[in-house]
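Biologist: I have a structure here that I would like to go through with you. May I begin with the interior and then move to other topics?
Modeller: Please do; show it and we shall proceed.

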Amino acid sequence: KQQIRQFHHSIVMDQKRRDTGHHVKVVGKYHMIFQGNPGTGKTSLARIIAQLLHRIGIIKSDLLVEVQRDKLVAEYVGQTGPKTQKVIDQAKQGVLFIDEAYRLSQDSGKSDFGREAIEQLMAAMNDPPGKAPIMVFAGYADDMDTFMQANSGLYRRIGYTFDFSDYTPFELAE
């Protein structure tokens with residue numbers, strides 16, 4: 001919750017700075033990583049983030065498009081780029097949530113095109129909200145570290161990392 005409050009505060013302050021005439025860098029500013037174990041609320045929080053970003057005027061819609069590797073990566077040379085771009089275009093007014101994003105960087109042979117999908121996503125991450133979606137990459141913490149190392153350009157395009165801890169037995173009982 002504290003991470004989300006800081007994120008919200010940061011965005012609101014940037015908007016106020018822009019409104020008063022200050023230059024605020026936007027490219028890559030809103031893309032994020034959600035890292036944690038399954039069942040810790042990553043997808044639920046992505047829905048809330050989409051609503052929040054829409055409410056404060058960063059994105060035009062509270063649309064959340066949820067995908068995994070199979071929706072981005074094709075089987076044959078030349079098919080992954082267009083397949084990934086189709087998903088980007090579908091989500092461009094809102095948020096694109098890529099669950100188990102680390103699977104894009106796991107090389108499973110010479111006919112694996114996950115890295116091509118990463119490159120297509122990275123190209124779109126340079127565009128402002130509205131021309132491309134805000135992207136949320138989700139997965140296990142260790143695997144997401146490996147994912148980030150798959151391409152050095154990811155670090156400069158992703159502005160926020162949120163860590164999701166496991167629920168305690170007391171929290172589950174509530």
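Biologist: Which residues of the largest nonpolar core touch the most other members?
Modeller: Please note that this is a predicted model. In its largest nonpolar core, which has 28 residues, those touching the most other members are Leu72, Leu96, Ile98, Leu104, Leu121, Phe137 and Phe147.

Biologist: Which elements give two or more residues to this core?
Modeller: They are the strands S2 (64-67), S3 (95-98) and S4 (134-139), together with the helices H3 (80-91), H4 (114-125) and H5 (141-149). H4 gives the most, with six residues.

Biologist: What is leucine 104 in contact with, leaving aside neighbours within four places in sequence?
Modeller: Leucine 104 is in contact with Arg69, Leu72, Val73, Ile98, Gly114, Arg115, Ala117, Ile118, Leu121 and Phe147.

Biologist: And how many residues are in the second core?
Modeller: The second core is separate and has 24 residues, including Leu53, Leu64, Ile134 and Ala138.

Biologist: Changing topic: how many helices and strands does the protein have?
Modeller: There are seven helices and five strands. Read along the sequence, they follow the pattern α-β-α-β-α-β-α-β-α-α-β-α.

Biologist: Why is the protein described as being as compact as a globular protein of its length?
Modeller: The radius of gyration is 16 Å and the globule rule gives 16 Å for 174 residues, so the protein is as compact as a globular protein of that length. Its C-alpha trace spans about 50 × 45 × 25 Å along the principal axes.

Biologist: What percentage of the residues count as buried?
Modeller: Of the 174 residues, 43% count as buried. As for contacts between residues at least 6 apart in sequence, 75% join residues at least 24 apart.

Biologist: Why is alanine 150 classed as partly exposed?
Modeller: Its relative accessible area is 26%, and the partly exposed class lies between the 20% limit for buried and the 50% limit for exposed.

Biologist: Which residues does it touch, beyond those up to four places away in sequence?
Modeller: Alanine 150 touches Ser105, Arg115 and Ile118.

Technical notes. Residues are numbered from 1 along each chain as its sequence is written. This is a predicted model: local features need pLDDT of at least 70, side-chain atom pairs count only at pLDDT 80 or more; totals for chains, interfaces and linings use all residues. Side-chain values use heavy atoms; hydrogens and water are left out. A nonpolar core is a set of buried Ala, Val, Leu, Ile, Met, Phe, Trp, Tyr and Cys residues joined through side-chain atoms within 4.5 Å. Buried means under 20% relative accessible area, exposed over 50%, partly exposed in between (1.4 Å probe, protein chains only). Helices (H or I, at least four residues) and strands (E, at least two) are DSSP runs, numbered from the N terminus. Contact means heavy atoms within 4.5 Å. The radius of gyration is taken over C-alpha atoms; the globule rule is 2.2 Å times the number of residues to the power 0.38.
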